[in-house]
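Dear colleague,

Here is the structure I promised to hand over, followed by an account of what was found in it. Please read the notes with the model open beside them.

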Amino acid sequence: MAGRGTVKASGNFNPNADAEALQKAMKGLGTDEEAILKLVIARSNAQRQEIKAAYKTLFGKDLIKDLRGELTGKFEDLIVGLMTAPIAYDAESLHKAIKGAGTKDKVLVEILASRKPQQVKDIVALYKKEYGHNLEDDVCHDTSGHYKRLLVILLQASRQTGLQQELIEADAQALFKAGEQKFGTDEDTFITILGNRSNEHLRKVFDAYMKLSGFEMEESIKRETSGHLRELLLAVVKCARGVPMYFAETLYNSMKGLGTDDDTLIRVMVTRSEVDMLDIRAEYRRMFAGSLHAAITGDTSGHYRNALLLLCGGNDA
């Protein structure tokens, strides 16, 4: 997946010069938001971390605090998100989702279904360091039932690797028996197989399942499960089929209909801009017969829109 992002490292990078440019953009009356967004998006996340360090050395101040003081609303959230290291951003997103009234399950589902095992391990370690809690304990406290159990499996980040040829047919059979062929549903079988097998293995299982049952895996999950468990199982299946496809659909859902789910839009654009945004754009075009660029243009405005469009990086109209 290397190099499938729209945001790249800047070739002639000078963190001190960038720190000075950002300070100048915030100094005095008014803030030059366009200068800030153009500079930030023209640097990789690793370079932004160097800019934060240079800013503190030069001015004795915290760049994130200064940005928060000068910017507002969704644009502020987007820029601060871009200035945050990826693992820290995920840990913070999960912490915000869990604490406070009601759990934002959408965030738990999206992050834990889509991140690679090593990323999950890093998130768990950083969460403990930052918040003094075990992420698993916090998740367990806020969730229940089979949904909780699948989240716990995903938090172990010990998904198998490679194909287990001898298990493909057996897994497809087990899933068929646990759902379509049974009165009621044996959720444990779904959780164990979908939570533990490699994505490569699961894709083969889905093909075998289709031959066996006449249904796509997603159709059976929609029929056999409900609530948050259904959402998590669907996310796991979609990510096994292809993470960019999953995020194209997530972005589409964040902007369809009346209103915009800005939290999701920001989170996906921040976290995927250096990873696979080019693939997400291509999948978006294929699945929804329109461009991501056009959707963002239609749903957002001002500096916020300009920044999102730079992260999107091009129009596939």
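Does F176 count as buried or exposed? At 15% relative accessibility, F176 counts as buried, where buried means under 20% relative accessible area, exposed means over 50%, and partly exposed is in between (1.4 Å probe, protein chains only).

Before going further, please note that this is a predicted model, in which local features need pLDDT of at least 70 and side-chain atom pairs count only at pLDDT 80 or more, while totals for chains, interfaces and linings use all residues. Residues are numbered from 1 along each chain as its sequence is written, and side-chain values use heavy atoms, with hydrogens and water left out.

Aromatic pairs

Rings of Phe, Tyr and Trp (its six-membered ring) pair if their centres lie within 6.5 Å, with planes under 30 degrees apart counted as stacked, over 60 as edge-to-face and the rest as tilted. By this rule the count comes to seven aromatic pairs. In one of them, the ring centres of F176 and Y209 are 6.5 Å apart and the planes stand at 80 degrees, so the pair is edge-to-face. Because F176 lies in helix 11 (residues 165-178) and Y209 in helix 13 (residues 199-213), this pair ties together parts that are 33 residues apart in sequence; helices here are DSSP runs (H or I, at least four residues), numbered from the N terminus. Y209 is buried as well, with a relative accessible area of 0%. Elsewhere, Y252, Y284 and F288 form one aromatic cluster.

Helix 5 and its surroundings

Helix 5 (residues 73-83) packs with helix 17 (residues 262-272) at an angle of about 25 degrees, their axes being 10 Å apart; the axes are lines fitted to C-alpha atoms over the stretch in contact, and angles run from 0 to 180 degrees between N-to-C directions. The two helices are therefore roughly parallel to each other, given that angles under 35 degrees count as roughly parallel, over 145 as roughly antiparallel, 65 to 115 as roughly perpendicular and the rest as oblique. On the side of helix 5, K74, D77, L78, G81 and L82 meet D262, I266 and V270 of helix 17, contact being heavy atoms within 4.5 Å. Helix 5 is mostly covered, since eight of its 11 residues are buried, among them F75, E76 and I79. The cover over these buried residues includes helix 2 (33-41), helix 3 (45-59) and helix 17.

Helices 15 and 16

Helix 15 (residues 227-241) and helix 16 pack at an angle of about 130 degrees, with their axes 5 Å apart, and they are therefore oblique to each other. Here A235, K238, C239 and R241 of helix 15 meet V243, M245, Y246 and E249 of helix 16. F247 is also found in helix 16 (residues 243-255), and at 0% relative accessibility F247 counts as buried. Leaving aside neighbours within four places in sequence, F247 is in contact with E110, S114, R115, V268, R272 and I280.

Two loop residues

Most residues other than glycine have a negative phi. A157, in the loop between helix 10 (145-156) and helix 11, has a positive phi near 50 degrees and is buried at 7% relative accessibility. A289, in the loop between helix 18 (277-288) and helix 19 (292-299), likewise has a positive phi, of about 50 degrees, but A289 is exposed, with a relative accessible area of 68%.

With best wishes
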